[in-house]
Structures are given as C-alpha cells and as structure tokens.
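Dear colleague,

I am passing on a structure that you have not worked with before, and below it I have set out what was found in it. Please read the notes with the structure open beside them.

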Amino acid sequence: MRTLIFSVVAIVVALTISSIWNSDFVILPYHPPPTAPFVGPLEVNDKLCHVRAAADGLIGPEAVIHDSRSNEVLSGLRNGTIFKIDVDGNENGHRLVADVGGCPLGMAFATDGTLYVAEPSKGFLAVRFQEEGTEPIIELAAHRVNGKSVLFANSVVTLSNGTVLFTDSSQISGATNCATYLIARADAVSGNPTGRLIAFDPRTRRNTELVTGLAFANGLALATDESYVLVAET
C-alpha cells in the first residue's frame with residue numbers, strides 16, 4: 001500500500017513538473033524598490049529611548065484615550081476595570097474610575113462627558129460619571145440593532161454633533177476573554193463576514209446600521225474634518 005502511494009505521488013509530481021516545463025510559465029526575478037531615505041518622519045531619532053512607565057501593575061490594557069478636561073489618560077483592562085492615569089505626575093498615579101466587567105475594548109468621550117465603551121460580551125455601554133467619590137452610572141446603549149444582537153462591540157469614535165460610531169465585529173458568538181483573534185479567524189473562515197458599522201444617536205437613542213458585511217470590523221479612525229471614517233477589517 002505504501003509503495004502504491006509513493007508511486008502515485010511520484011507520478012503527480014512528474015506530471016506537474018512536465019506541465020510547467022512545457023508551458024509558457026516564466027519565473028521572473030523580483031527587484032524590490034530602493035529603500036526610502038531616512039529623512040523627515042523617518043529620520044533616525046532616540047525619542048523612544050526616554051519612555052517611562054506611566055503606571056505599573058495594570059494588566060492587559062487595551063484602548064488608551066485622553067481626557068482633555070483632566071489631562072489624564074484612561075485605559076480599560078482585561079478584567080473589566082477602567083483606570084485614569086496621571087501621566088504628568090506620580091509614576092504610579094492611577095485610580096479606578098469604573099468597572100464595566102468583561103473586557104472593555106474601544107472607548108471614546110462624547111462632548112457631554114459621557115464615556116462610551118465597547119465591551120464584547122455585554123454590548124455598547126455608556127458610562128456617566130457623577131460627583132467625585134460616587135459610582136458612575138453604567139447603561140446599555142445598544143444591545144440589538146436591526147433585529148440582531150450586538151455580539152462583539154469593538155471600537156468607538158464620537159462626532160462633534162454628538163453621534164457615536166462603533167463597530168460590531170461579528171455575529172459569531174463567544175466573545176469571552178477578549179478572544180479577538182479566535183472570533184476573527186472564525187468570521188474569515190465562514191466566508192460570510194458579518195461585521196458592521198453602527199451609528200448611535202444619544203438624543204433619540206436610536207441605532208442605525210451604516211455598513212454591513214464587514215470582515216471582522218475592528219478599529220475606527222475618524223478624519224479630522226469628520227468627512228469620513230476608516231474601518232479596519234481584521
């Protein structure tokens with residue numbers, strides 16, 4: 001049996017080589033373009049040699065956003081907590097400001113101070129901070145949109161008119177422990193991408209699908225003039 005298998009493989013290889021040899025198939029050399037000169041933005045520098053840890057002991061940070069009102073940055077951790085970090089003060093100056101559970105991915109502040117958080121297992125959340133020392137109010141801003149559950153809220157950007165855009169990466173369930181890689185692979189293998197870009201209007205609390213059929217809709221980047229938004233498909 002083993003001899004038969006080897007014989008079949010040998011015949012297939014021989015036929016393949018013969019077909020290539022007798023065809024017009026030509027292997028051409030590849031000449032990469034010249035390396036861009038290291039000038040301007042590419043100029044060699046030592047800026048990253050002077051970085052320092054802004055906060056120690058924070059495990060699994062994901063999104064990092066700036067709070068212009070307090071000149072602090074916020075980061076969500078994989079245990080569901082959100083911390084504010086004083087980047088100009090004490091090296092270990094950070095404090096817990098919210099616990100949304102799950103694994104907060106994208107975050108963005110709205111003009112009214114509401115913090116919108118994309119958390120895969122819970123949905124699209126709104127965090128409203130109260131007076132110092134009191135617990136924030138955490139609300140579910142979107143759980144179902146156009147008859148489909150928000151199964152993997154991922155990235156968030158806010159517009160100057162108050163509209164909030166966020167991605168729902170996939171309709172494949174199982175978003176636990178920030179399993180972005182696994183869900184992204186499953187969405188790609190399925191051959192039927194189900195990611196979407198959604199707009200949330202805080203005034204009417206309506207959610208609208210803007211784009212569907214995206215292959216694991218991931219990060220968002222809004223143009224400075226808000227004329228377009230870039231969506232990363234993973």
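Which residues do ring pairs link into a cluster? The cluster consists of Tyr116, Phe124, Phe166 and Phe200, joined by ring pairs; please keep in mind that the model is a predicted one.

When rings are taken to pair if their centres lie within 6.5 Å, the count comes to five aromatic pairs. In one of them, Tyr116 and Phe124 have ring centres 5.6 Å apart and planes at 15°, which is under 30 degrees, so this pair counts as stacked. Tyr116 and Phe124 are both buried.

Phe152 and Phe216 also form an aromatic pair, with 5.3 Å from centre to centre and 70° between the planes, and this pair is edge-to-face. Because Phe152 lies in the loop between strand 10 (148-149) and strand 11 (153-158), while Phe216 lies in the loop between strand 14 (206-214) and strand 15 (217-222), the pair ties together parts that are 64 residues apart in sequence. Phe152 and Phe216 are buried as well.

Turning to the strands, there is an open sheet of four strands in the order 5-6-7-8, and the pairing is antiparallel. Strand 5 (107-109) and strand 8 (137-142) are the edge strands, each of them pairing on one side only. On average, and with direction ignored, neighbouring strands of this sheet are turned by 25° against each other. Within the sheet, strand 6 (residues 115-119) pairs with strand 7 (residues 123-128) in the antiparallel sense over five bridges, and Val117 stands opposite Leu125 in strand 7.

Terms used. Residues numbered from 1 in each chain as written. Predicted model: local features only at pLDDT ≥ 70, side-chain atom pairs only at ≥ 80, totals over all residues. Heavy atoms only, no water. Phe/Tyr/Trp six-rings, centres within 6.5 Å; stacked < 30°, edge-to-face > 60°. Buried < 20%, exposed > 50% of the residue type's maximum accessible area, 1.4 Å probe, protein only. Helix = DSSP H or I, 4+ residues; strand = E, 2+ residues; numbered from the N terminus. Pairing = 2+ DSSP bridges. Axes fitted to C-alpha atoms, helices over the stretch in contact; angles between N-to-C directions.
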